[in-house]
Amino acid sequence: MIFRTFKKDELKKLVEILAAHNRIVGPVEAGRDKHGSPIYAFNEVSDFNSIRLNYTTTKLPAKRYFLPFQEDLSSFRTEGGGWQKIIDYNADKPLIFFGLHPCDINALNKLDKVLMHSVYPMPYYAAKRKNMFIIGVECIPQTFCFCRSMGADTALHGFDMFITDLGNKYFVEILTDTAYNFLKSIRTEEPEEKDHVLYMKAVAERNKKFTTRVDTTDLAKILDMEFQSDVWKHWGEICLSCGTCSNVCPTCYCYGVEETVDLDLKGARKTKTLHSCNLIDFAEVAGGHNFRPERHSRLKYRYYHKHRGFVEAFEESLCVGCGRCGESCLAGINVPEVIASVRGGKIKK
Amino acid sequence: MKPELKFVDVIAQQQRRHKRKNDLACFEHTFRSEVTSVYPLTEMETIYRIQIIDPEERKRFRFIPGQFLMLELPGIGEAPFSISSSPSIHGEVELCIRKAGNLTNYLAKVGRGAIVGIRGPFGTGFPMEEMHGQNILLIAGGLGLAPLRSPIAYAQENRSHFREVNIIYGTKSPANLLFTYQYDMWSRDDINLHIIVEKADPSWKGAVGLSTDILMKILSGRSDDFYHNTYAIVCGPPVMFKFVCKMLNTFHIPMQKMFVSLERRMHCGMGKCCRCNVGSTYTCIKGPVFDYWTVMNLKEAI
């Protein structure tokens with residue numbers, strides 16, 4: 001790994017140089033909530049001043065840029081009595097992601113495992129993922145963050161460069177030669193020993209701010225043991241089965257496929273739409289049988305997939321602990337409380 | 001049963017492992033195919049013979065009994081179906097399809113000559129070669145005979161490789177019986193066919209009851225040699241294979257020799273959409289054929 005430092009005003013220069021030739025997605029203020037606090041979102045930006053590098057978290061992950069809610073897998077043209085299938089991976093230009101937090105970078109790393117590095121790699125994802133240039137930034141831990149428990153509080157790979165604020169300058173980790181070359185356009189310096197000390201201090205300060213913890217010891221096994229536990233029924237009772245948790249999750253990738261005929265009747269399309277395992281029809285089969293008809297069985301399944309199934313397949317959880325699902329849940333269900341209740345065998349009043 | 005471990009031949013296992021597709025372009029690749037024959041079996045079920053149009057692709061298309069494929073009707077939809085035909089026929093498959101939804105109802109209307117798409121084959125199959133030299137029990141309930149027709153064809157074609165072959169087939173009523181025109185051929189190939197219906201009609205002269213009744217008769221009073229050297233393939237509604245597998249288990253048929261095929265509604269067939277997950281296992285990749293030991297370890301499988 002190669003490290004550099006640069007003065008704070010150099011960052012603006014870097015972004016402006018990159019923006020002149022590329023599309024940039026970054027955290028911007030999208031509005032204010034009822035308490036007057038800013039609501040952040042990942043949007044395409046052209047002006048450095050609209051980027052909020054000290055953002056808390058975004059309501060939605062940057063998922064729509066690599067796993068869009070809806071995209072066509074293919075289209076069909078009818079000809080004679082037959083048809084031709086036209087496949088488009090829906091990626092045409094590279095995209096720079098400026099300001100992803102470690103949790104969101106780790107989310108991509110986890111998605112890579114199942115969508116790119118397993119059997120039948122998914123070209124729709126790969127085409128977008130391979131065209132991402134990621135500039136990560138250090139985060140400010142929020143009360144609902146439990147990424148540290150999920151081992152997702154630091155990103156070791158999956159980005160091109162990663163920036164940490166050292167007060168009067170930035171410390172940057174460089175992972176790719178593309179990033180190294182981009183940095184040639186601004187003035188950077190070789191870090192000195194005192195920069196290393198400052199960096200370690202900054203990270204230690206940040207780590208102190210994590211307050212929420214989830215005990216993941218033996219979690220895969222415990223989820224198996226507590227499969228019939230009544231606590232699931234409790235959470236199922238209050239769950240609205242709305243699927244919001246999946247929508248805001250940076251790692252939820254489940255989907256459904258539907259085909260529609262074009263209005264001109266000369267073609268058709270096959271469309272992939274992100275789904276949620278909390279929605280009632282998720283496990284329905286032909287003839288109407290539903291393998292998970294109750295809300296609690298669907299909610300349980302979601303925890304199962306995140307914290308057990310993925311662990312079994314890839315030796316790590318599919319949850320990065322960003323806490324977005326808990327923050328967005330209309331019923332107030334959040335991962336730390338659900339897991340604590342499963343471990344404890346009862347609901348904390 | 002003797003508590004004795006068996007030697008595992010790693011080289012033979014490696015040879016059996018079939019190659020996965022890791023090519024990005026494979027993901028949405030569809031074989032343009034033609035429906036060459038439509039043969040109604042009952043009021044609800046029809047057998048469709050589907051042939052890959054491209055001769056090169058047809059030559060390369062191989063599957064093993066128990067695998068499924070995705071059938072696509074552009075603009076209507078795509079759904080998984082298990083292959084019902086002999087694995088020795090390349091580039092042509094038969095699918096036994098019940099009218100149950102949009103896609104299958106539309107398919108019933110299009111008829112012979114229609115151009116459809118197929119992707120696959122996907123998933124695991126029944127380890128037929130592993131069963132050589134053994135007895136096989138093929139137990140089907142209702143539409144469960146559709147996926148069993150492929151291993152049955154294999155057993156017919158390789159009859160000398162197997163000892164006793166029994167088919168136990170249970171349906172609700174005689175009117176639901178599938179592939180009736182083939183029963184005679186199965187018997188001639190020295191395959192014992194036992195049919196049982198839950199509700200007889202006036203013309204029915206066969207057995208009435210549940211498939212477990214027949215299974216009990218077949219299994220009772222056999223030697224240990226029979227139990228230890230018997231493979232079972234079970235396809236049918238979940239409630240059926242729960243009881244069937246339990247019974248096989250009481251006769252000490254090894255759980256690794258009992259295979260079931262699970263039904264789920266895959267949207268991709270390639271371990272991506274998660275719609276077929278059982279607990280957290282992909283039915284499309286680790287299944288649809290599982291041995292009973294694996295099924296016991298899956299949550300909410302049956």
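Two strands are taken as paired if DSSP finds at least two bridges between them, and strands (E, at least two residues) and helices (H or I, at least four) are DSSP runs numbered from the N terminus. The structure is a predicted model, in which local features need pLDDT of at least 70 and side-chain atom pairs count only at pLDDT 80 or more, while totals for chains, interfaces and linings use all residues. Residues are numbered from 1 along each chain as its sequence is written, and chains are lettered from A and ligands numbered from 1 in the order in which they are written.

In chain B, strand 7 (residues 135-141) and strand 8 (residues 165-171) run parallel and are joined by six bridges. Within this pair, Leu138(B) stands opposite Ile167(B) of strand 8. Both strands belong to an open sheet of seven strands with mixed pairing, ordered 10-9-8-7-11-12-15. Strand 10 (207-208) and strand 15 (289-291) of chain B each have a single partner strand and stand at the edges, so one side of each lacks a neighbour in the sheet.

Axes are lines fitted to C-alpha atoms, for helices over the stretch in contact, and angles between N-to-C directions run from 0 to 180 degrees. Helix 4 (residues 145-157) lies across strand 7, strand 8, strand 11 (230-235) and strand 12 (258-261) of chain B, at about 155 degrees to strand 7. Helix 6 (residues 211-219) touches strand 7, strand 8, strand 9 (192-197) and strand 10 of chain B, and makes about 160 degrees with strand 8.

Domain bounds come from an automatic or database domain assignment. For chain B the assignment gives domain 1 (22-121) and domain 2 (129-296), with C-alpha centres 23 Å apart. Their contact takes 20 residues from domain 1 and 19 residues from domain 2 of chain B. On the domain 1 side, two or more residues each come from strand 3 (68-73), strand 4 (77-82), strand 5 (92-98) and strand 6 (115-122) of chain B.

For chain A, the assignment gives domain 1 (2-67 + 90-208) and domain 2 (219-254 + 276-344). The C-alpha centres of these chain A domains lie 28 Å apart, and 22 residues of domain 1 are in contact with 19 residues of domain 2.

Between the chains, the contact takes 34 residues from chain B and 38 residues from chain A. Strand 4 and strand 6 of chain B each give two or more residues to the side that touches chain A.

Methods:
Two residues are in contact if their C-beta atoms, placed from the backbone, lie within 7 Å.
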